[in-house]
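Work through the exercises below with the sequence and the 3D view open. Try each task before reading its solution.

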Amino acid sequence: MNIQQNISLKKYNTFGISVNAKRFISIDSVYQLQQLLKIEKDIFLISGGSNMLLTKDIENLVVHIDIKGISIDRENENEVFITVNAGENWHEFVLWCVENNFGGIENLSLIPGNVGTCPIQNIGAYGVEVKDTITKVEALQIETGKLVSFASDECNFGYRNSIFKKEVKGEYIITSVSFKLTKINHQLNTSYGAIDVELASKKIKNPTLKDVSDAVIAIRKSKLPDPKEIGNSGSFFKNPVVSKAQFLKIQEEHPNIPSYVVSDEEVKIPAGWLIEQAGFKGKRFGNYGVHEKQALVLVNYGNASGLEIYQLAEKIQETIFHKFGVALEIEVNIIQ
Ligand code: EPU
């Protein structure tokens with residue numbers, strides 16, 4: 001086994017935070033992972049590194065999951081069943097599906113990260129969540145080294161949530177994810193306002209999967225920073241859900257507040273709007289700050305430390321709580 005010493009993790013996390021791994025290993029097969037688990041269980045996993053904020057050097061063995069491969073398990077006239085290994089890049093998999101006319105995940109174009117981590121936070125964008133296409137998640141149990149299969153309904157998927165973030169957190173390493181996608185009669189979801197506007201601007205009336213994917217890519221590029229250029233982890237906070245009573249109280253003072261109805265009693269408020277109202281949008285503090293086009297995204301302009309960014313997040317949380325009485329929950333994993 002090729003365990004390396006003192007490796008910088010800068011290129012392994014989309015925030016571009018420069019911390020070191022005392023020991024580091026890249027794993028490219030389930031077998032290799034099983035062998036490793038026989039000798040070492042105190043590990044720190046890194047895959048696409050797109051949903052973490054590293055605040056210090058990592059003492060335990062850093063295991064980079066780099067297991068590649070996409071296979072079509074079976075298909076019929078209407079649907080295709082595909083298994084994708086954890087180390088495949090998410091966006092490249094989406095593009096491969098679009099090229100092959102496999103529908104269901106085109107709205108999730110350009111989301112950073114790898115396939116193996118997409119179920120953990122149930123990635124979602126523009127009216128689609130990945131849970132709706134996942135049939136199965138396979139994972140190695142760290143304690144026993146056994147491969148366990150989780151059917152979709154066993155994953156307890158919710159908004160930016162799953163069993164892997166809660167009940168079995170830290171117990172499993174996801175090795176592959178299986179999807180069911182459409183081959184004909186695609187259920188295109190263009191209802192999310194900006195997609196329709198983008199398609200209309202190109203005079204597209206009957207969009208293909210590629211048209212929708214291209215529209216999402218254009219919208220994301222116009223609003224969200226590219227981690228290759230400016231370090232970030234996408235939405236830093238979850239959109240908070242508040243009681244209807246609390247929402248109405250905030251709305252009295254801010255009649256233009258955007259919102260989504262969750263149930264008869266609850267309303268979801270965009271965290272980006274709250275952060276913008278509190279004056280943080282586009283604020284830069286030296287090497288780090290709040291993105292100028294989407295206040296939900298914290299950014300590393302260069303050599304910021306994870307701690308600096310975390311302290312900014314705490315300041316935002318305090319300010320929002322003070323101003324609106326709303327508790328913002330951090331969506332990114334803080335490694336401290
Ligand atoms: N808004 C502001 N100011 C801002 C940002 C947003 O006022 O700086 C307002 C917008 O005007 C709009 C509302 O907030 O009325 C919603 O904004 P947007 O459509 O950009 O979506 P979001 O709620 O901010 C969520 C996801 C994104 C996903 C988009 C599109 C979460 C935490 N974030 O953002 O996910 O791309 O919807 O579906 O649910 C991610 O998770 O990394 C991510 C980028």
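**Exercise 1. Which residues are closest to the ligand, and how many surround it?**

Solution. Start with the shell: 23 residues surround the ligand. A residue is near if one of its heavy atoms lies within 4 Å. The closest are Y126, Y159, Y192, S235 and E276.

A note on the source: this is a predicted model, where local features need pLDDT of at least 70, side-chain atom pairs count only at pLDDT 80 or more, and totals for chains, interfaces and linings use all residues. Residues are numbered from 1 along each chain as its sequence is written, and side-chain values use heavy atoms, with hydrogens and water left out.

Next, sort the shell by class. It has 12 nonpolar, six polar and five charged residues. Here Ala, Val, Leu, Ile, Met, Phe, Trp, Tyr, Cys and Pro count as nonpolar, Asp, Glu, Lys and Arg as charged, and the others, Gly among them, as polar.

**Exercise 2. Find polar side-chain atoms that lie close to oxygen atoms of the ligand, and give the distances.**

Solution. Use the cut-off for a polar contact: a pair of N or O atoms within 3.5 Å.

- Y159: a side-chain N or O atom is 2.7 Å from a ligand oxygen.
- N239: a polar side-chain atom lies 2.9 Å from an oxygen of the ligand.
- K281: a side-chain N or O atom is 3.1 Å from a ligand oxygen.

Now turn to cover. On its own the ligand has 820 Å² of accessible area, and the protein covers 82% of this. The areas come from the Shrake-Rupley method with a 1.4 Å probe.

**Exercise 3. Which element gives the most to the shell, and why does the ligand lie between two domains?**

Solution. List the elements first. β8 (124–125), α4 (209–223), β13 (231–235) and α6 (271–277) each supply at least two shell residues. α6 gives the most, with three. Helices (H or I, at least four residues) and strands (E, at least two) are DSSP runs, numbered from the N terminus.

Then look at the domains. Domain 2 (70–223) and domain 3 (231–335) both contribute to the shell, so the ligand lies between them. The bounds come from an automatic or database domain assignment.

Notes:
Polar contact = N/O pair within 3.5 Å; in protein donor to acceptor, adjacent residues only side chain to side chain.
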